[in-house]
Each structure stands twice: as C-alpha cells, then as structure tokens.
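Take a look at it first, then read on for the details.

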Amino acid sequence: MICHVYATNDVLMFLRRPVMEIEGWSPDNRIKKESWRTVLTLAYQNLGVVYGELSTSPLYVYRSTFAEDIQHSESNEEIYGVLSFVFWTLTLIPLLKYVFLVLRADDNGEGGTFALYSLLCRHARVSTLPNGQLADEDLYECKREVISSANQDLGLGLSLRSTLEKHRLLQKMLLALALIGTCMVIGDGVLTPAISVFSAVSGLELVVSKHHHQYIEVPVACIIVFLFYLQHYGTHRIGFLFAPVVIAWLFCISAIGVYNIFHWNPHVYQALSPYYMYKFLKKTRRGGWMSLGGILLCITGSEAMFADLGHFSQMSIKIAFTFVVYPSLILAYMGQAAYLSKHHIIESGYHIGFYESVPEKLRWPVLAIAILAAVVGSQAIITGTFSIIKQCSALGYFPRVRIIHTSSKNCGQIYIPEINWILMLLCLAVTIGFRDTKHISNASGLAVITVMLVTTCLMSLVIVLCWHRSFFLALCFILFFGSIEALYFSASLIKFLDGAWVPVALSFIFLVIMYVWHYGTLRKYEFDVQNKVPINWLLSLGPNLGIVRVRGIGLIHTELVSGVPAIFSHFLTNLPAFHQVLVFLCVKYVPVPHVRPEERFLVGRIGPKDYRVYRCIARYGYRDIQMDDVMFEDDLVSSIAEFILSEGSECNGGLVDVDNEEKMTVIGTTSTYSKGIRICEDNDDLSEEASTTKLTEISSPEVPRKRVRFLRPESPQINADARTELQELTEAREAGMAFILGHCYVKAKTGSSLIKRIVINTCYDFLRRNSRGPAYALCFPRASTLEVGMVYHV
C-alpha cells in the first residue's frame with residue numbers, strides 16, 4: 001500500500017514542460033504579449049473554427065424562409081423585405097450585440113453562457129457551490145475586480161445585488177437560466193452539423209436526377225462522422241486545416257453575390273432600408289411573422305463567437321468578423337436577392353435556394369466547396385460545447401468527463417471524447433430521422449434564439465453588477481435586444497410540432513442530468529458536513545491517534561474544507577494503522593477561470609504539532625489544468641514544508657481564518673513560483689540553482705530508498721522544532737505516499753419521497769458509476785491507492 005513508483009528524469013522533464021507553460025499563464029500579460037502577428041494568426045485560425053457555421057447560413061436561409069408561410073411574387077416585396085430583415089438582423093445581433101458588447105463581458109478570456117454566470121457569482125454571492133470559503137474572495141482575480149470597481153457608484157445595482165443575495169429562490173432561478181442556456185448550446189451542437197451538411201448536400205438536387213437524388217442525399221450527409229473523428233487532433237490543427245476552406249467559401253459566395261448584383265439588379269441595395277421590413281410585415285401579416293423563423297437562421301453561429309472565446313482571443317474574433325465574414329455575408333444575401341428579384345418562377349422543384357443563384361457552369365465546384373464548408377461550419381458549435389461542458393463539470397454542474405488538452409500554449413483548446421461521440425450519434429439520428437432541412441431548421445432556430453435570449457438576460461445583470469453601469473442602460477439593453485429576440489423566439493416557438501420540439505427535448509434531457517448531478521453532489525456534501533468528526537475526538541486519541549503509525553505520507557481525499565471527514569473514522573475502525581504524516585487533501589474548483597500559482601494552496605494544521613496532521617486545499621479555476629501526479633506530489637509536500645517554516649509569521653500570504661478551529665496559510669506552487677521552498681531528489685541537477693542563489697538544505701539522516709531534500713533560498717535560522725518536523729516530513733516523503741480515496745454509495749433515507757428515491761438511488765447512482773473519478777486521483781499509481789467504501793444516507 002505504501003510502495004511508490006518514480007518516473008525517470010527524462011520522463012519527468014517531458015511531463016512537466018507543457019504543463020508548466022500553461023501553469024505559468026498570467027491574465028495580466030495575456031493581452032500585452034499578443035503581437036499583431038499572433039492576433040492575425042488567431043484570426044486566420046478562428047475563420048476555420050468560429051465562423052464556419054455563420055458563413056454557411058446562405059445555404060438555407062432563403063429556402064427556409066419561403067418554405068411554406070410566404071410566396072415569392074412579382075412585386076418583389078417579399079424578397080426585399082427578407083433581405084432587409086437579414087441585413088439588420090446581422091448588423092444588430094452579431095455585429096453590435098456580440099462583437100461590440102458581449103465579447104467585452106469575457107471572464108478573463110473565457111466566454112459562453114456559464115462564463116457570464118461565473119462572472120455574476122464573483123460580484124454577488126449567488127453561487128450554489130457548497131465548499132466556498134471567504135478565503136476564495138481574496139484571490140487575485142476577485143480582488144482585482146473589487147479594486148477596479150471601488151470608486152463606482154452602484155446605486156440600484158447595490159440594491160439588486162443585495163436582493164439576489166437574500167433570496168434563495170432568485171439564486172436558483174439565475175442558475176436555472178444559465179443551465180437552460182447551456183443545454184440549448186449542447187442541443188445546437190447536435191442540430192448545426194445536421195442542417196449545415198444536409199443543406200450543402202441538398203444541392204445535388206440540381207445536378208443529379210430526382211430519382212437518384214433521394215438515394216444519395218442522406219448517405220452523403222453522414223460524412224459528418226468524419227468531422228467528429230477529426231476532433232482529437234485539437235482546435236489549433238483543425239483551425240489551420242479548415243481556415244482555407246472557409247476563406248475559399250467566403251470568397252466564392254461574395255464573388256457570386258457581386259456578380260448577381262451587377263448582372264441582375266444593381267439597385268438591390270435599396271432593399272436594405274428598414275422601410276421594406278414594414279412593407280413586408282404589412283403585406284404578409286401572419287405568414288410573414290411565421291417566416292421569421294427562417295430569417296433567424298442567418299445568425300446561427302453568432303453565439304459561437306462568444307462560446308469559443310477561450311480558444312482564441314477577443315481581438316482576433318472581432319477582426320475576422322468585421323473585415324471578412326460580415327461583408328461577405330451581406331454581399332452573398334444581396335446577390336441571392338438580386339437574382340431572385342428577376343426570377344419569379346423557379347422551374348425546378350427545388351424551390352428558392354442558394355444554388356439557383358449560382359451560374360450553372362460553377363455549380364459543381366461550388367457544390368464541392370459548400371459541402372466542405374458545411375462540414376467545417378459544424379466545428380464552431382462543437383468546440384463551444386466542449387468549453388461549456390468543461391466549465392459545468394469543473395463547477396459541479398455536470399458529471400466528470402475526460403478532458404484532453406490539445407495545446408500546450410492555449411489551455412482553452414480541449415477535446416472531450418465522451419461528449420464528441422454522443423454529439424455524433426445524436427447528430428446522425430437527427431439527420432436520418434428528418435431527412436429534410438425544413439424540420440431541422442425549425443429545431444435549430446429555436447435553439448439559437450433561446451441561447452441568445454439567455455445571454456441577453458445575463459448580460460443585463462453583468463452591466464449593472466459587474467460593469468457598474470446605470471440601471472437605465474441595462475434596461476435599454478434588455479428591452480432593445482430582448483424585444484428583437486422575443487419576436488424571433490415567438491416565430492420559432494409556433495413551429496414546435498414541426499421540428500422545434502427537438503432542441504427542447506434534448507435540452508430537457510441534459511438539464512435533468514445537470515440537475516440530478518448537482519442535487520446529488522449537494523446532498524452528499526451536506527451529509528459530510530453534518531457527520532464530520534469533531535476535533536475533540538481527534539484530540540482524545542493522543543499524539544499516536546490510538547493507532548500504529550507507519551512510515552510514509554497518507555493523503556486522505558475529502559470534499560470538506562474544514563473538520564475531519566467521517567471516512568477517516570470509518571477507516572480507523574477497520575484498519576487501526578496509519579502513516580506518520582497525514583494530509584487531508586481537498587482539490588476544489590472556484591468560480592474564476594484561473595488561480596495564480598502563488599495562490600494555489602491553502603495549508604493548515606489539524607490538532608497539535610505532535611500529531612503531524614495537516615489540511616491542504618488545492619484551488620483551481622475552471623479553466624486551469626491540473627498537474628501530473630509527480631509534480632502535484634512534489635508541490636503538495638513542498639507546500640506543507642513551506643507552511644511549517646512560515647507558521648506563526650506573515651510571509652507567503654499570511655494566515656487566513658477558515659473557522660474557529662483552524663487557520664490556514666496561502667502557499668504557492670513551488671514548481672512555477674520560485675520564491676518558495678523546493679523539493680529535490682538525489683538525481684536532480686542542482687548546478688543551475690546553486691550558481692544563482694544560496695540554498696539551505698534540509699535532508700533526512702537515513703536514506704532507505706531515494707534521498708529527498710528541501711531547497712530554500714537563504715532565510716533566517718530555522719528553529720529546532722521546525723527542523724525536526726521537516727526531517728520527519730522528508731523521511732515520510734522518501735518512504736512514499738499512499739492515497740486514500742473514499743468510495744461513497746449515496747442512498748436516499750428511509751421514508752424519503754418516491755421522487756427523491758428515484759433521483760438519488762437510480763439517476764444519481766447511475767451517473768456516479770459511469771462518470772470519471774477526480775482527475776488527480778487517476779494520476780496516482782494504483783499500487784499506492786486505497787479505496788474505502790461507505791454508504792451515505794441523504
């Protein structure tokens with residue numbers, strides 16, 4: 001149980017290099033270090049990732065709009081009205097709302113619906129995380145925002161914040177709103193690949209006979225499997241691979257648009273006037289209102305600009321959209337309208353569509369580029385789904401999944417295998433089940449506009465609570481954009497039975513999963529709090545804790561941030577022997593994107609010094625990457641050594657009151673924070689360190705396996721008690737580390753309601769058994785891990 005396997009020095013260096021690069025990431029220098037070359041490179045990459053979906057919308061917007069509700073007449077009032085709606089919708093929602101406003105509400109580089117919720121949680125105590133501490137509010141990310149807003153006049157914002165903090169119901173409603181937006185993003189991740197690829201492939205109707213078309217369309221649409229297969233290569237590789245396709249597509253649609261404008265109707269620009277929207281609605285009435293569900297599709301992918309913000313940068317996304325994507329889309333839609341204004345009777349059964357406006361000689365090459373662009377277009381929402389799932393999982397609102405970081409330089413670029421294959425299967429089911437763009441477009445439209453409405457609501461709160469602007473400005477924001485989106489939402493909702501039920505059903509399933517996981521996690525933590533062992537029980541055992549103390553370090557995993565967990569007493573009852581050094585380890589996520597390395601650990605002592613029992617809380621942001629096992633072990637032991645040396649002083653962050661029984665010290669990770677103590681094994685090369693600074697060496701008198709030393713820059717004289725404690729810690733580290741992992745079976749109490757028994761005993765238990773364990777627990781060698789089972793009746 002105590003044996004420990006050490007990696008070779010070469011392997012250690014290989015493992016540490018990419019993690020240290022990311023661990024050293026600083027939000028202060030992120031923007032400063034971005035040169036124009038870097039920004040333009042990212043802008044090139046995000047063309048292939050972020051804007052693929054938005055750029056392929058001309059494939060299906062006009063066809064979906066004129067599907068049933070309205071007809072194209074010789075007066076051209078319908079086509080001009082649709083063009084006016086498309087132009088102003090693209091201008092107001094993606095350009096004005098997202099590019100100039102919403103992107104500014106990034107959570108230190110992270111975007112998406114849940115990032116807005118995290119931002120609100122830091123400015124108002126509305127978070128439902130059970131293990132939050134006052135010490136977390138002293139993190140640099142939180143303090144910087146408090147200082148920046150110290151001189152702001154909150155006014156009604158202060159009243160709003162106090163109201164949210166007092167009423168638990170409002171906090172739950174805010175969380176439910178964020179989760180609904182999150183689930184709709186996931187639902188959009190299923191629908192977008194289906195409608196994009198299906199619309200592109202449907203162009204075969206014009207170049208293949210109708211008899212053969214029905215046998216070709218669905219099999220070719222299933223090439224989306226290839227898209228999901230590519231995900232494990234990482235966003236940066238996919239971006240470089242896909243960007244040329246999107247650029248070629250944008251050039252193609254803009255060139256065809258310019259040709260159609262000058263060849264068919266040079267005066268089509270007059271339709272950009274808002275007056276044509278009024279004429280359109282006046283003539284078409286209810287049919288025109290229902291057709292807004294098709295017009296809405298012109299902004300599908302706009303939310304991806306915000307959701308994918310963590311993969312790129314704010315400036316690169318703005319540049320790519322403003323100077324490349326937006327003008328290309330406007331020219332494409334104007335070109336289609338110019339062509340259709342001179343062709344009132346479409347002889348083909350295809351009705352009104354993109355390929356009708358393409359010159360006949362160019363249809364085959366345009367079809368090939370369109371299919372590739374549609375496949376690429378699905379990438380935006382898939383990467384956005386990965387980001388938002390990671391945020392939810394880190395903060396305890398989604399079951400733990402395997403997260404693979406595909407880049408050593410950008411920690412936001414991730415890949416989640418389970419989610420990727422689930423999305424693929426659901427997408428194939430939708431494609432094969434519907435077999436046309438009509439129902440899929442209705443479904444996609446409702447998902448898109450729901451996410452936008454949620455973003456608008458959360459943004460109005462961000463304006464008041466985070467930006468500390470006037471309440472009137474927030475009211476204007478939600479009334480202006482909310483009214484536009486509510487109009488589109490009503491038009492999409494009316495088609496609930498014609499396919500719009502799909503995102504509602506998918507979102508409901510994911511919402512149930514999130515609620516069950518969050519509810520079960522809360523009940524489990526509340527059980528831990530209510531049944532934790534009193535400190536007096538620990539004190540009554542004496543220095544030896546009433547058991548045999550064996551050599552080594554015992555790490556006891558617990559979710560508690562204070563007190564002794566019940567799993568510890570359960571373990572002692574069954575196995576009265578433990579290690580000479582005990583560490584109650586809690587690894588938790590806090591609602592910030594990053595925790596600086598110098599603020600990583602909170603270290604404290606449980607009981608008197610003679611007990612050698614410590615508590616260590618490792619804090620991570622929801623965007624941080626946990627270190628590999630060897631580096632984590634070294635930093636953990638070094639943080640305890642630093643605590644021993646700094647105990648009773650104000651260095652390294654000073655003391656933080658956690659409760660009446662414990663005080664904890666803020667300690668940094670020594671692998672990336674050079675000011676602290678460092679651990680060194682006998683095969684490490686110390687020539688470089690020794691040449692730059694004078695080090696004090698504390699080592700064990702005996703060397704049973706591998707010699708371990710603590711290295712610290714020259715400091716005041718270490719007292720005898722601290723030296724003795726460090727020597728014992730050194731001996732324990734040399735003997736090895738054992739990880740004690742509690743394996744809890746959560747059951748509903750006897751007499752609980754039927755709904756609670758189903759939620760806890762069936763749903764939560766199923767999710768727990770099929771989810772991943774803690775990431776750091778998976779890193780520890782199985783030979784040194786011991787699982788202790790215990791039943792929790794909640």
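Two strands pair if DSSP finds at least two bridges between them. By that rule, strand β5 (residues 601–605) and strand β6 (residues 613–621) pair in the antiparallel sense over 5 bridges. Before going further, a word on the source: this is a predicted model, where local features need pLDDT of at least 70 and side-chain atom pairs count only at pLDDT 80 or more, while totals for chains, interfaces and linings use all residues. Residues are numbered from 1 along each chain as its sequence is written, and side-chain values use heavy atoms, with hydrogens and water left out.

**The whole chain**

The chain has 30 helices and 13 strands. Helices (H or I, at least four residues) and strands (E, at least two) are DSSP runs, numbered from the N terminus. Of the 794 residues in the chain, buried ones make up 59%; buried means under 20% relative accessible area, exposed over 50%, and partly exposed in between, with a 1.4 Å probe and protein chains only. Contact means heavy atoms within 4.5 Å. Among contacts between residues at least 6 apart in sequence, 83% join residues at least 24 apart.

**Strands**

Back to β5: 5 of its 5 residues are buried, so the strand is largely enclosed by the rest of the structure. F601, V603 and R605 point one way, L602 and G604 point the other way, and all are buried. F601 has A618 as its bridge partner in β6. β5 is also joined to strand β8 (residues 663–667) by 4 bridges, again antiparallel, with L602 opposite V666.

Strand β3 (residues 548–557) has parallel partners. It runs parallel to strand β4 (residues 577–590), joined by 8 bridges, and I553 stands opposite V581 there. β3 also pairs with strand β12 (residues 737–747) in the parallel sense, over 4 bridges, where L555 has F739 as its bridge partner.

**Two packed helices**

How do helix α15 (residues 286–295) and helix α22 (residues 471–493) sit against each other? They pack at an angle of about 100°, with their axes 8 Å apart. Axes are lines fitted to C-alpha atoms, for helices over the stretch in contact, and angles run from 0 to 180 degrees between N-to-C directions. α15 and α22 are therefore roughly perpendicular to each other (under 35 degrees counts as roughly parallel, over 145 as roughly antiparallel, 65 to 115 as roughly perpendicular and the rest as oblique). From α15, W289, M290, L292, G293 and I295 meet L487, Y488, S490, A491 and S492 of α22.

**Aromatic pairs**

The structure holds 15 aromatic pairs. Rings of Phe, Tyr and Trp (its six-membered ring) pair if their centres lie within 6.5 Å; planes under 30 degrees apart count as stacked, over 60 as edge-to-face and the rest as tilted. Here are two of the pairs:

| Pair | Centre to centre | Angle between planes |
|---|---|---|
| Y80 and Y276 | 5.7 Å | 85°, edge-to-face |
| F85 and F280 | 5.7 Å | 70°, edge-to-face |

Y80 in helix α5 (residues 77–99) and Y276 in helix α14 (residues 275–284) are 196 residues apart, linking distant parts of the chain. Both Y80 and Y276 are buried. F85 lies in α5 and F280 in α14, so their pair ties together parts 195 residues apart in sequence. F85 and F280 are buried too. Finally, ring pairs link Y80, Y275, Y276 and Y278 into a cluster.
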